[in-house]
Amino acid sequence: MKVGFVAAALACGLASAGPSLASEASKPSVTPHQTVVSDKAIKARVEALLAQMTPEEKAGQLFIAFHLSPPPKLEPFVEKGIAEGRIGNVLFVSDPAHANALQRVALEQSRLKIPLMFGFDVIHGLRTIFPVPIGLAASWDPKMVEDVQASAAGEARAVGIQWSFAPNVDIARDPRWGRMVEGAGEDPYLGSVMAAAQVRGFQGPAMGTPNRIIAGVKHFAAYGAALGGRDYDEVNVSDSELWNVYLPPFKAAIDAGAYNVMSAYMPLNGVPATANSWLLTDVLRDTWRFKGFVVSDAGAVGNLVTHGLATDRADAAVRALNAGVTMEMDNNINVFSELPKALAQGAISQVQLDDAVRKVLETKVRLGLFENPYADVRKAAEAIADPERRRLARVAAERSAVLLRNEGAVLPLDHKTLRSVAVIGPLADSARDTEGPWVFKPQADGVTILAGLREKLGPTVRIDHVVGVGMPRRLNGSFIDPEPKAVTPPIDDTAGIAQAVAAARNADVAILVLGEKREMIGENASRASLDLPGKQQDLLEAVVATGKPVVLVLMSGRPLDLKSANPAAILEAWYPGSEGGRAVANLLMGDTVPGGKLPFSWPRNVGQVPLVYSRLSSHAPYQASLRYWDQRGAPVWPFGFGLSYTRFDYEAPSVERTTIAKGERVGVSVTVRNVGTRVGDETVQLYVHQRSGAARPVRELKGFRRVTLQPGETKVVRFELGPDELSYWSSEARAFVQDASAFDVWLGGDSTASARSRFAVVDAAQDGGKPVAP
């Protein structure tokens, strides 16, 4: 979405869940959720509606309009458009009473009384804020991620939202790109698993499941490969990269039942994605059999003129519809309103227009909107107040955190001996930054890290809080800025660092909370540097120089360059959400053991990017970490890395058969033991390498499982490999292929796992299936 649209929204102020329109109009009778069960009945209902609709009413169903005014005001453009049937869907309404007021306009004033569908950016929660998606991916726990998005869907549906503009399943291999925070990182396998989990969470087992909403998968496709990591810039990727890296998470989301796909802004290999018929029709519908509807990103249809593809708005509307876009999203500029004229002129056919409208109407029928169009204001308040959501938010933040460093076992802190703590940094007591980006209305009950520590440690431990340094302002405007525009006094960084050093020297341990403010990441928040913003690096180095134990808690959605600073411990907390402070306190004090793993490779500095573990061998692979003459080329921490407060040992993996024929599957297992003194979680990761037949990555993730082990406990973790895991898209064959080849297989705790075995895929089975030694 574009920056100006949401800036305007926040200038007006988005609605809360409170009963600000609590009149009789906001208290409609609510019938039980019902859906039409048979496809035949759905089609009959839709065809009957289509037969009554004018071209203008049809175009209205293909438009979702921004509604930015808080209640009780109803924007004249939106209210009039709904009444006249020119607007069939609305974005940015999160107050159930406000949604009901708009719905009444559709049901009482429009000619055909087709209910509205409400969409919203439910990225990582609505009222209860969960960790940002990159953090959720770091949990390597798809069941938990599914539960998180199911909870978010329940809140959203309760307030009258039926459609989420999430999940973002873009693979991101350049951390300069700000929207890395919304996805699952660099790997297509992990990204695919997380994409499917989020779709299941949002939608449930089927479209129309009570208390669930439509999953809106975005941005189709390869948006994360923007040139130079610059948001909205062009994308140029090979067919091999597209099919093997960027498309798999979208395919996984479609296979999981996603009913909506959002087209991307940028040109893909020279063709704007919103007018790319190969992408939206040949791949999405003809190859993948997608049955849902496609929405443009905000203003992307009109932008076809900006791209130089379309001559004017009318041409843009025709090109987008022809390519496969079903619905246009824009801020009070309905480019699809040109479609009736295009129909009259023969630029589009009646079949094309009706097919697009049919998809939208079928969606509304499957959602049960015709039977149950209104939100129940009282039940919405009850749903939001459900304490289970806060518990889940805390657990998600705990399971998402990644322990990157723990020299001298400084963590966990010992509550019995701890007497004083210095909590330092500009993010330590910032509730807004703890929630992270894509939270349109800050929540008053979010727990900061400082507050969480104070609650956890109680009055017996002295806590001194020092901000230390200020944060720089962006050169351009932020995407969203709901914070008050009050003038804050400038911070004297030099004096602040001196105060921080004094506090650290007077404490048993210093906890620094550093990173990026939430407006420094997300949409339109790309960076040319990965350095800590402002004077945070100076602050970090000065506090480390005191010689006191230093624990660095990072809040970020991408890797940051810490240069030569070596705090004793580093915990990547991401933007942990509403319960982030309590979660971090539990982790630091050892009430919970960190078990998250990195969803990306952590580069040493911006000069290394993009840096991925799944590179090709290329020339002189033994020199892979020596490509730069002035520094090591290896990452600081590899993909899949994460420490614990305990340790895990792996035995040599066992492959159940020496050879398998193409199309067959083989079992691979490994024994892992907790050799420490604490219970802990380990994510067992399986990587493969195809030795011949094509130039394939040195390692590729093809399986993982997060397991809990008691001290001394041993578990055997088993995986299966078959055609889905061992095939790839071949640039030579122009198709997916499975080669006969020897395969290496590694199992361990990150992408540098050393426990190895092997097997072979052959054209026909060649032995009886004896186990293979490593």
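A nonpolar core is here a set of buried Ala, Val, Leu, Ile, Met, Phe, Trp, Tyr and Cys residues joined through side-chain atoms within 4.5 Å, where buried means under 20% relative accessible area, exposed over 50%, and partly exposed in between (1.4 Å probe, protein chains only). The model is predicted: local features need pLDDT of at least 70 and side-chain atom pairs count only at pLDDT 80 or more, while totals for chains, interfaces and linings use all residues. Residues are numbered from 1 along each chain as its sequence is written, and side-chain values use heavy atoms, with hydrogens and water left out.

**Nonpolar cores**

The largest nonpolar core comprises 200 residues, of which Phe220, Ile424 and Leu512 touch the most other members. Helix α7 (residues 142–158) supplies the largest share of this core, 7 residues; helices (H or I, at least four residues) and strands (E, at least two) are DSSP runs, numbered from the N terminus. A second, separate core has 21 residues, among them Ile660, Val717, Leu721 and Val761. Neighbours within four places in sequence aside, the contacts of Ile424 (heavy atoms within 4.5 Å) include Val466, Ala500, Leu512 and Val543.

**The parallel sheet**

| Strand pair | Bridges |
|---|---|
| β2 (residues 89–91) and β3 (residues 117–120) | 3 bridges |
| β4 and β5 | 2 bridges |
| β5 and β6 (residues 260–263) | 3 bridges |

Within these pairs, Asn89 stands opposite Met117 in β3, Ser164 stands opposite Ala215 in β5, and Phe220 has Ser263 in β6 as its bridge partner. Strand β5 is largely enclosed by the rest of the structure, because 7 of its 7 residues are buried.

**Asn244**

Asn244 lies in helix α9 (residues 239–246) and is buried, with a relative accessible area of 17%. Its side chain reaches the backbone nitrogen of Trp729 at 2.8 Å. Residues up to four places away in sequence not counted, Asn244 touches Pro188, Arg696, Tyr728 and Trp729.

Technical notes: Two strands pair if DSSP finds at least two bridges between them. A polar contact is a pair of N or O atoms within 3.5 Å; within protein, one must be able to donate a hydrogen and the other to accept it, and residues adjacent in sequence count only if both atoms are side-chain atoms.
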